[in-house]
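Student: Could you walk me through how to read a protein model with a ligand in it? I'd like to start at the ligand and then look at some helices.

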Amino acid sequence: MRKILFASSEVHPLIKTGGLADVSASLPIALSESGQDIRIIIPAYRRCLESLTEIRTVATIKLDGYHKPVEILQSTLPDTNVPLYLLHSPEHFDREGGPYSQAKDGDWEDNPARFALFSRAIAKLAINEAGLDWQPDILHCNDWQTGLAPALIADLENRPATVFTIHNLAYQGLYSRDVFDALDLPESFWHSESIEFYDLMSFMKGGLIYADHITTVSPTYAREICSYEFGYGLEGLLTLRAQQGRLTGILNGIDKHEWNPEQDHYLVKKFSAKTVRYKSDNKAALQNEYGLPQKDDVLLIGLISRLVSQKGIDISIAAISRLLHSNATIQLICLGSGESHYEQDLRILRAHYPDKVGVHIGYDEGLSHRIEAGADVFLMPSRFEPCGLNQLYSLRYGTLPIVRNTGGLADTVVDATEQNRKDELATGFKFEASTPQALEHTLGTVIDLFQRPRIWRKMMMTAMAQDYSWNKSAEMYLALYHKLT
Ligand code: ADP
């Protein structure tokens, strides 16, 4: 049995902006089920305080660089026995809005102070100096918001082994020298072999330089970030870590209870591989929910995404526009929020094709399940994708993913080539170039194959039979923890 402190800035169902939240719940749950003593720490955002019922103060601590004492609260992750610690500093976290930004006004200005404080609290718990009488063997940090924690304890004798997971290298927490000064960090950190990065401070580098081991969320992304194209200037350091055997790609799993069409209470009709015909009830209900004509023979394309460049939203809009212009028998259903120009472009597309395109701007957990269940295919033409979860949910729901051949998408979807179909391996559709033309071409193949129900059904069955639950991946994390301790 290992004692693991798992630090993250979001966790489902309490606070979520993307896949990090899903993983920060489902991986600890899987490790806890395998008998580990794993405890999660997150900031005590207002939304968390409002939704947790049982919550108590277990420690009051003083952190360097901040004048007021802060509290550590304890609860459990909803519907589980996994202990949850929350860093309670009302001035930093008890406010309206998202974990990193106010609804439309960009990131909170005090994010460096907020997440430096969070990292300092994580460090205190990791070395058992928070008064909780619990010494973890492993500190597992996730993304830049926790990046300073491994740095802060690196030189201490009785520290736990440290793991840092990159969920997305595009977000690094880069700030100016002035910010660095204000955070009251050791001057020795201002060095290119520490967290200094081309005259800026990098929270992410705290994890990359100081953690005993780095992981990222798919084997292909682990290779990609060692290249100029995907490495954001960190490729040299990451290549070195890979050569040292200190960088591993471990594919994310999915919560097999939460994302299960047989038990999904968000659906109008639950279904399994055996009763996959009920998927058409979900399709009709979804078309109805979006005010589109209920037609079973039209290819219904689903899209759920943060609306940012990474996700290739512009590529989707351009390719779908061209197909709609040439009267293809498709419908598009979107759920997402993000950059306002993408939101606007989607609204314009809807205005042009009101009976072919449905758009919901916003965040809606239930609707995301209904799209996974009702759509025929799921669109994910990401420019890069560390792992991606929606294509995994899609496979489970028999909704064939259309993906660009990158990162975790490359690792989890098997393209419908003739050979793969013959071998009964095909689970979706892949294309290479980040261009509307490439996607349009692939969508042409998809539309053709959709007219061939026998082949389509076979692919759905193969997709639904894939096992992307945490079983295998949690074991790989566990093996890594064993190796490090
Ligand atoms: P990323 O973390 O880069 O956003 P992932 O595919 O790893 O991408 O995870 C995205 C997660 O967020 C999925 O669980 C997806 O269903 C969810 N999601 C994204 N946008 C929305 C939305 N508008 N409404 C509901 N869920 C969303």
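**Around the ligand**

Tutor: Let's start with the shell around the ligand: strand β13 gives the most to it, with three residues. Keep in mind that this is a predicted model.

Student: Which elements each supply at least two residues of that shell?

Tutor: There are four to look for: α1 (19–33), β13 (299–307), β14 (330–338) and α15 (390–396).

Student: And how many residues surround the ligand?

Tutor: You'll find 19 of them, and the closest are Gly19, Asp22, Arg306, Lys311 and Gly362. Sorted by class, the shell has six nonpolar, eight polar and five charged residues.

Student: How do I read a polar contact?

Tutor: Look for a pair of N or O atoms within 3.5 Å of each other. Here, an N or O atom in the side chain of Arg306 is 2.7 Å from an oxygen atom of the ligand. Lys16 also has a polar side-chain atom, 3.0 Å from a ligand oxygen. With Asp364, look at the backbone instead: one of its polar atoms there is 3.1 Å from a nitrogen atom of the ligand.

Student: How much of the ligand's accessible area does the protein cover?

Tutor: On its own the ligand has 560 Å² of accessible area, and the protein covers 92% of that.

**Pairs of helices**

Student: Now the helices. Why are α12 and α13 called roughly parallel?

Tutor: Check the angle between their axes: under 35 degrees counts as roughly parallel. Helix α12 (residues 313–325) and helix α13 (residues 340–352) pack at about 10°, with axes 11 Å apart, so they are roughly parallel to each other.

Student: Which residues meet there?

Tutor: From α12 come Ile313, Asp314, Ile317, Ile320, Ser321 and Leu324, and they meet Tyr342, Asp345, Leu346 and Leu349 of α13. That contact has seven nonpolar residues, one polar and two charged.

Student: What about α18 and α19: at what angle do they pack?

Tutor: Helix α18 (residues 436–450) and helix α19 (residues 453–464) pack at about 110°, and their axes are 7 Å apart. Angles of 65 to 115 degrees count as roughly perpendicular, so that is the word for α18 and α19.

Student: And which residues make that contact?

Tutor: In α18, pick out Val446, Leu449 and Phe450; they meet Pro453, Ile455, Trp456 and Met459 in α19. By class, the residues of this contact are seven nonpolar, no polar and no charged.

Conventions:
Residues are numbered from 1 along each chain as its sequence is written. This is a predicted model: local features need pLDDT of at least 70, side-chain atom pairs count only at pLDDT 80 or more; totals for chains, interfaces and linings use all residues. Side-chain values use heavy atoms; hydrogens and water are left out. Axes are lines fitted to C-alpha atoms, for helices over the stretch in contact, and angles run from 0 to 180 degrees between N-to-C directions. Angles under 35 degrees count as roughly parallel, over 145 as roughly antiparallel, 65 to 115 as roughly perpendicular and the rest as oblique. Contact means heavy atoms within 4.5 Å. Ala, Val, Leu, Ile, Met, Phe, Trp, Tyr, Cys and Pro count as nonpolar, Asp, Glu, Lys and Arg as charged, and the others, Gly among them, as polar. A residue is near a molecule or strand if one of its heavy atoms lies within 4 Å of it. A polar contact is a pair of N or O atoms within 3.5 Å; within protein, one must be able to donate a hydrogen and the other to accept it, and residues adjacent in sequence count only if both atoms are side-chain atoms. Accessible areas come from the Shrake-Rupley method with a 1.4 Å probe; for residues, only the protein chains shown count as cover.
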